[in-house]
Amino acid sequence: MPEATTSLLRWIPLLPFLGTAACIFAAATGKKALARATGPGVILLAFAVALVSVGRFWSLPAGGSLVDHVYTWIRVPPLDVAMTFRLDALTAVMVLVVTGVGFLIHLYSLGYMHDDPDVARYFAYLNLFTGSMLVLVLADALPVLFIGWEGVGLCSYLLIGFWYAELPNAIAGRKAFVANRVGDAAFLIGMFLLFWSLGSVGTPSLSFPDINRLAPALAEHSPAIVTAVCLLLLVGATGKSAQIPLYVWLPDAMAGPTPVSALIHAATMVTAGVYMIARLSHLYVLSPVALEVVATIGALTALFAATIAVVQTDLKKILAYSTISQIGYMILGVGVGAFSAGVFHLMTHAFFKALLFLGAGSVMHALHGELNVFKMGGLRKHLPITSKTFLIATLAIAGVPPLAAFFSKDMVLEAAFAGGYRVQWFLGLVAAGITAFYMFRAYFLAFEGESRMDPEKEAHVHESPATMTIPLLVLAVLSIVGGWVGLPHGFLWGDRFGDFLQPVFATPAAAHASAHAAESAAHAGGHAELATGTLLFLMLLTTGVALAGIFAAWRLYGRPSEQPSRLQERFRPAYEMLANKYWVDELYDLVFIRPYVATSRFFWKVVDATVIDGVVNGVGRVFDGSALLWRRVQSGNVQHYALAMVLGAVVTAGYYYWVAR
Amino acid sequence: MAVPVQHYLVLSAILFAIGAVGVLVRRNVIVVFMAIELMLNAVNLAFVALARQRASMDGQVIVFFVMTVAAAEAAVGLAIILANFAQRRTLHADEISTLRG
C-alpha cells in the first residue's frame, strides 16, 4: 500500500486545539474579541490545511495514503501504540466535512452567540470538539481513535450543559455523558478483547493496518471472538451515534445552543459510530452475524425514531429524532456491507441536517427562543432566506430527486435490497415515507399558513444577520449538489464517490475470497449487481413514497384542517405511545436507574457511613478512651511518680535476680 | 570481737527501707526531704562497712562524694520548696500537682 510521509496532518487537529487554548485565555481575561476571531479562524485554517493534504493525497496512486507519525505514545511490550495520523480516502471525506461544515457553523455561531457573555468559553469548547473529532478521523490506531472518541463525548457534555445555570440543561448534559459512557465501556472491552485475541495469530497490535492484515487469520482461528469484538464495538457505536438502545440522550441534548446541535448532534459526533464501523470494515465483513445485527439495528432505529418525530411539537426535537432516524440509515448502509453508501449518506446528511438545525436556530433567533411549531406559522413572509433554505433541506431529507439525500438514501436502500436484507429494506422504505411526512409537517406548520405566533414575538420577527444566513446559503447549495457525486450505476458518471472510497473498504465477497481463496473477487461495491430495471423500480418506489409523505403532510398541515385533531382522537392510544416516546426513558429509569441509585444509596449510607466510618472512628474512640484512663498516671503528685520508680526498680531487680539467672 | 559486717548491712537496708517508705508516704515535703537524707545516709553506712571489711579506702572516699552531693541537693531542694511555699503557702505534697496530665 503506497504511503507518503508528511508532517502536515498533525496541524489539522492541532490548530483547533491551539484555538481552544487561545479561547481559554480569552475567557479568563475577558477578551471576547480574541475568542471571536480565533474560534472560527483556526477552523478555517484547518480547512485550508485539510484541502492541501487532500490535494497531496489525490496525487498518490490508488489505495495510497498520507501518513504522519508524530511520536510513540505507548510502548509497553507487547503493546505499541504510535500517535500516527493517516489520510486515506475515507479520512479525506471526513476531514473535509468536519472542517468545512464546522467552519460554517463556527461562522454562524458568531451571529447566534453574539450577545452571550460566555462566548469565549463557547468557542473554546467548540474548538476542542473539532480538534477531538479530527483526531478521531485521522487516527491510525484504535486507541488514538478512542482519544478523539472520548474527547467529543466530553465536549458534547460541556456544550449541552453550556447554560448550566439552568438545571435541566446540566441534567441533559449528564444524561448524554452517562449514556455515552455505557457505550464507551463496551468499546473498551471490545478493544481489549481484540488486542488480546490478535496475540494468538501474530504480533498483537491495535493500528488499523495491522488489524486489517491480521483480521482474516483471526476469523479462521476464532470466529466467535471476531463477532464478539464487532458486537461490543457496535454497542459503543450505538452510544455515540444515538441508535437503539442508547439513543435516549440525543433528544434531551437539544438543551444546548442550536449551533452545537447542528455540529455535534447532526453533522459530526453522532457520525463517529458510523465512521468507526466503516474504518473497521475488514473486521466486520468477517462476521456476517455482526453485520446482520448492525443492519437490523439501523433499520429499526430509522423507523422507530421516525414514528416518534411525527407527533413532536418542538422543532428541535423533531430534528433530533430525525437525526436518530437518518443515522439509522447510515448504520443500515454499513451493516449490509455497503460502506461507501453509508458514508455517502453521512456526508449528505451533514449538509442538510446542519442546514435544518441552523435554520431552526435562525427561527429561534427571530422569535426569541420559541420552538413550538404550533406557535409559529407564516414565517416565510418574514424570513425569506431561512424559509427557502429550510425548504431545500426538507426536500433533501425527504429524498426528493435530484437533491442530495435522494441519491444517498436510495443507494443505502438499494444495497439492502440487493444484499437480500428484504426486511430491513422494507423498514427503511416505510421510514422514508414517514420522514417525508414529518419533515414537511414541520415545514408547513412553521413557515406556511396563517400566523399562530405570540403577538409580542411577531412584532419583532426579523431575518438573521449575514453571518448566520451565509452558512445557510452555502449549505443549501451543498444539499442540492452534494449527492451528484454518487449517481447510480450506469447513470452519467456513476458512483464516483464509491469509486473514490473503494480502496479503503473490504467487501463481503472479497473477504470470502481471501478466506477461502476460491472465488473471484470481481464484485465491486460489495453487493450483487441489480438489473437496471429493478434499480429503476426501486428508485421510483422511494420517490413515490417520499411524494406520498409530502402529500399527506400537505393535506393535514398545508392548509387549515381539523384532520390532525380528529386523527389524534381516533387513534388516541397510538398517539399517546408516540408522544411518550414509547416510554423508553421511563423503562430505563425503572430497570436501570432506580436500582442503581438504590444500590449507591446503600453503599453510601450503610457501607461507607456506618461500617467503614464506624470502624475508623471506632479505632479512634478506642484510643481516645484508653488515653483517658492512662492520663490518670500523670497526677502531678511527685510521690506517685516516686512510687512508680520504686516499683519499676523492684520489678527489674527481681527479674534479674530470680528469673534471668 | 568486731561487729560482723552483715549487721551493718542489715541496718543499712532497714534504714534505706524506712527512708524509701517515708519518701513515698509522708505528705509534708520537708519530711520527704528528711527521708531522702535518711536513704543517702543508709547507703553511706553500707559503703563504709564494706570498705572496712575489704580494708580498702575506695568505699570511704565514695562516702565523701555522696555526702557532698547530699548537701548540695538538700540546699537546692530546700530552695525549691521555699519558692513553692512563697507561691502556694502549703507544704502538703498532694496540693502541689499543677503538672497533672
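Which residues does A:Ala354 touch, not counting residues up to four places away in sequence? They are A:Val101, A:Ile105, A:Ala262, A:Ala266, A:Ala267 and A:Leu475. Two residues are in contact if their C-beta atoms, placed from the backbone, lie within 7 Å.

The model is predicted, so local features need pLDDT of at least 70 and side-chain atom pairs count only at pLDDT 80 or more, while totals for chains, interfaces and linings use all residues. Residues are numbered from 1 along each chain as its sequence is written, and chains are lettered from A in the order in which they are written.

Chain A has 661 residues, and 50% of them are buried, meaning that 20 or more other C-beta atoms lie within 10 Å of the residue's own. A:Ala354 is among the residues with the most contacts inside the largest nonpolar core, which has 219 residues; such a core is a set of buried Ala, Val, Leu, Ile, Met, Phe, Trp, Tyr and Cys residues joined through C-beta atoms within 7 Å.

Chain A contains 28 helices and 3 strands. These are DSSP runs numbered from the N terminus, with at least four residues of H or I for a helix and at least two of E for a strand. The 3 strands form an open sheet in the order 1-2-3, with mixed pairing; two strands pair if DSSP finds at least two bridges between them. Strand 1 (3–5) and strand 3 (79–87) of chain A each have a single partner strand, so one side of each lacks a neighbour in the sheet. Strand 2 (residues 65–76) runs antiparallel to strand 3 of chain A, and 9 bridges join them. In strand 3, A:Leu87 is the bridge partner of A:Leu66.

Conventions: A residue is buried if 20 or more other C-beta atoms lie within 10 Å of its own, exposed if 12 or fewer, and partly exposed in between; C-beta atoms are placed from the backbone.
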